[in-house]
Amino acid sequence: MLPVAEQLAVITRGVVDLHVRSELEARLEESIKTGKPLRVKAGFDPTRPDLHIGHAVLMAKMRQFQDLGHHIILLVGEFTAMVGDPTGKNELRPRLSREEVRAAAKTYTDQAFKILDPSKTEIRSNAEWLDEMKLVKVVELMATMTVSRMLERKDFAQRYAEGRPIYQHEFLYPLLQGYDSVELNCDIELGGTDQLFNLLVGRDLMPRYGLRPQIVITTPLLEGTDARIENGVIVGKKMSKSADNYIGLTEPPIDMFRKVMQIDDDVIFRYFELLSSRSTQEIEELKREKAEGRDPREIKALFARELVTRFHDEAAAIAAENEFKQVYSGHAVPQDVEEVTVTTEGPTLWIAKALSSAGLVKSTGEGKRLVEQGGVEVDQTRVTDANLQLERGKRYLVRVGSKNRRFKYIYVAP
RNA sequence: GGAGGGUUGCCCGAGUGGCCAAAGGGAGCAGACUGUAAAUCUGCCGGCUAUGCCUACGUUGGUUCGAAUCCAACACCCUCCA
C-alpha cells in the first residue's frame, strides 16, 4: 500500500467535501499498519436505468480507491429505491416495483463494471436488512433525528418555505441510507454532493450504534452538455435525462462523439478533469495549447475518443470520429441509414406526412414546419416546398434536423 | 375536525363569460452567421393537408347562444386553528 500522503493526494483529487480529513489520515494509517483495506461504500438508487457520464464521476473515484487497494462496497438501494429519495428538483419521485428496481440495478452494475474491477467489488442490497426490519427498530432509528434537523436539508427547507408538499416517508430516506452504513460498518462513504446530507446522517448515526463514524467524501455533479462558462465560472444545470443535456453510458458511439463535440469549448476541461484518465499536468498542457490557439475541436475530439473508447472500444471510437467528420463537417451521408417503408392511398405522399410516418418527426405539423424552415433535405437537396409530394414506388434519402441529424431512406410503397 | 388560499401548455406565469389554442419569459427546434461550440439576428413552438375542424386551462357534472373564466361536487396541495 502507498504511504498515507500519496493515498490522500489521489483520494482528495477533485472531491468537493471531505469530513473529516484528520480522521481519514488516521484511518489510512491504521489500514497500512494492520494491512486491512478500508471499507468504502457508495450507494446508488436503481430508480431509473438511465445512467450518464455524470454518474461515471463517482465511479471513477471508486475505482481510485480500488487501485489503492481498498475494499469497495457497491450498495444497491433496492429497498430505498422504493421509498424514493426526494429529488433535487423537488418533485416526488415515483415509487418503483421490485421488478423495475432489479432491472435497473442490473443495468447499473453492468455499466459500473466498465470502470470498476468486478473482482474487487462487493455488491450488496439494502433489502437484505431493511426488508425484515422490525417496527421497533424503525422507531428507534427515527428517534435519532429531529424534524428540524431534517429540515436543514436544502430541498426540504425549500419546499417547506415554498409551501410545497413533503411526505413523511421522505424523511425516512436519509435515515435508511445512514442505517446501511451501520449494517455495513463502513469506514468511508462516497456520493455526489447532492448526497452530502444523507451521507452525514450516516456519519451521525453510526456512533449511536456503537460504531466509529464514517468519513464522508463527495464528488462534484457534472454539469450538462449545455453548460457555459460565464466570467470564468461554469454555469448550467446538472447533467440529467430530464434536462436532456446528458451523454448516456450506453449511447451509440456516434451520438456520444457528437454530443461531446457540441460541448462548449471551455466547458470541455471540466469534463477532462472529472472523467479523463489523463493526468492533471496533461490537462493543464491542453488548456495552455488552447490558449495558444490550438483548434478547440481537436481538444474536444481527444475527450470524445477517450470516452467512446471507455464505454465501447477503440475501434468504435475511431469509426465514430470518422463518421462525425464526414457527416457533420463534410456533409456526407452516414453508412448505416435505416430504410423505412411507408404506404399511401393516393398516387403521391405529402412530405410532411412521410416524415411523421417514418418517425423522423412527432407530427405532420412538425414535419411541415421543418420543411418550411429549411430543415429538411431530400436526396441531398434542401426542400423548400412544404407541399412536396413523394412519388409512389420511389426511394428517397431524407435528412431532418441539424444539430442532431437524422437520416432515413423512405420508400413509398405502391 | 374547523376556516381560508390554491391547481393554466415542457417549466415559470398572465388571464375572472365571447377579441383564448390562451399574454410574457425560459427551455426546445429551424434558418442566417459559424466550427460541430458560443454570441447575435429571424422565424417556429397542441393535433389534423386546414381560410376550417378536433383536443386542451385538476376531475366530473351544471348554468349559458357561448366557460380557462360563473355554480356544484370530488381529488390533490398549502396556511392557520384544534
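Helix 13 passes helix 15 in a left-handed crossing (left-handed means that the near helix is turned anticlockwise from the far one by less than a right angle, right-handed that it is turned clockwise). This is a predicted model, in which local features need pLDDT of at least 70 and side-chain atom pairs count only at pLDDT 80 or more, while totals for chains, interfaces and linings use all residues. Residues are numbered from 1 along each chain as its sequence is written, chains are lettered from A and ligands numbered from 1 in the order in which they are written, and side-chain values use heavy atoms, with hydrogens and water left out. Helices (H or I, at least four residues) and strands (E, at least two) are DSSP runs, numbered from the N terminus.

**Helix 13 and helix 15**

- The axes of helix 13 (residues 268-275) and helix 15 cross at roughly 35 degrees and come within 10 Å; axes are lines fitted to C-alpha atoms, for helices over the stretch in contact, and angles run from 0 to 180 degrees between N-to-C directions.
- On the helix 13 side, Ile268, Phe269, Tyr271, Phe272 and Leu275 meet Ile299, Lys300, Leu302, Phe303, Glu306 and Arg310 of helix 15 (contact means heavy atoms within 4.5 Å).
- This contact of helix 13 with helix 15 has eight nonpolar, no polar and three charged residues; Ala, Val, Leu, Ile, Met, Phe, Trp, Tyr, Cys and Pro count as nonpolar, Asp, Glu, Lys and Arg as charged, and the others, Gly among them, as polar.

**Helix 10 and helix 11**

- Helix 10 (residues 168-184) packs against helix 11 (residues 196-208) at an angle of about 55 degrees, and their axes are 8 Å apart.
- That angle makes helix 10 oblique to helix 11; angles under 35 degrees count as roughly parallel, over 145 as roughly antiparallel, 65 to 115 as roughly perpendicular and the rest as oblique.
- The crossing of helix 10 and helix 11 is right-handed.
- Residues making the contact include Tyr173, Pro174 and Leu175 of helix 10 and Phe197, Asn198 and Leu199 of helix 11.
- The contact of helix 10 with helix 11 contains ten nonpolar, five polar and no charged residues.

**Helix 12 and helix 16**

- Helix 12 (residues 253-261) and helix 16 have axes 9 Å apart and pack at an angle of about 60 degrees.
- The two, helix 12 and helix 16, are therefore oblique to each other, and their crossing is right-handed.
- Pro253, Ile254, Phe257, Arg258 and Met261 are the residues of helix 12 that meet helix 16, where the partners include Ala316, Ala317 and Phe324.

**The surface near RNA strand B**

- RNA strand B is surrounded by 35 residues, of which the closest are Met261, Arg297, Arg369, Gln373 and Gln389 (near means that a heavy atom of the residue lies within 4 Å).
- Sugar and phosphate make up 70% of the atoms of RNA strand B that come within 4 Å of the protein.
- The surface near RNA strand B has eleven nonpolar, 13 polar and eleven charged residues.
- Helix 18 gives the most to this surface near RNA strand B, with five residues.
- A backbone N or O atom of Met261 is 2.4 Å from a base oxygen of RNA strand B.

**Backbone details**

- The peptide bond from His19 to Val20 is cis, with omega near -5 degrees, and Val20 is in the loop between strand 1 (17-19) and helix 2 (21-34).
- Asn185 is not a glycine, yet has a positive phi of about 45 degrees; Asn185 is in the loop between helix 10 and strand 5 (188-192).

Key:
Polar contact = N/O pair within 3.5 Å; in protein donor to acceptor, adjacent residues only side chain to side chain.
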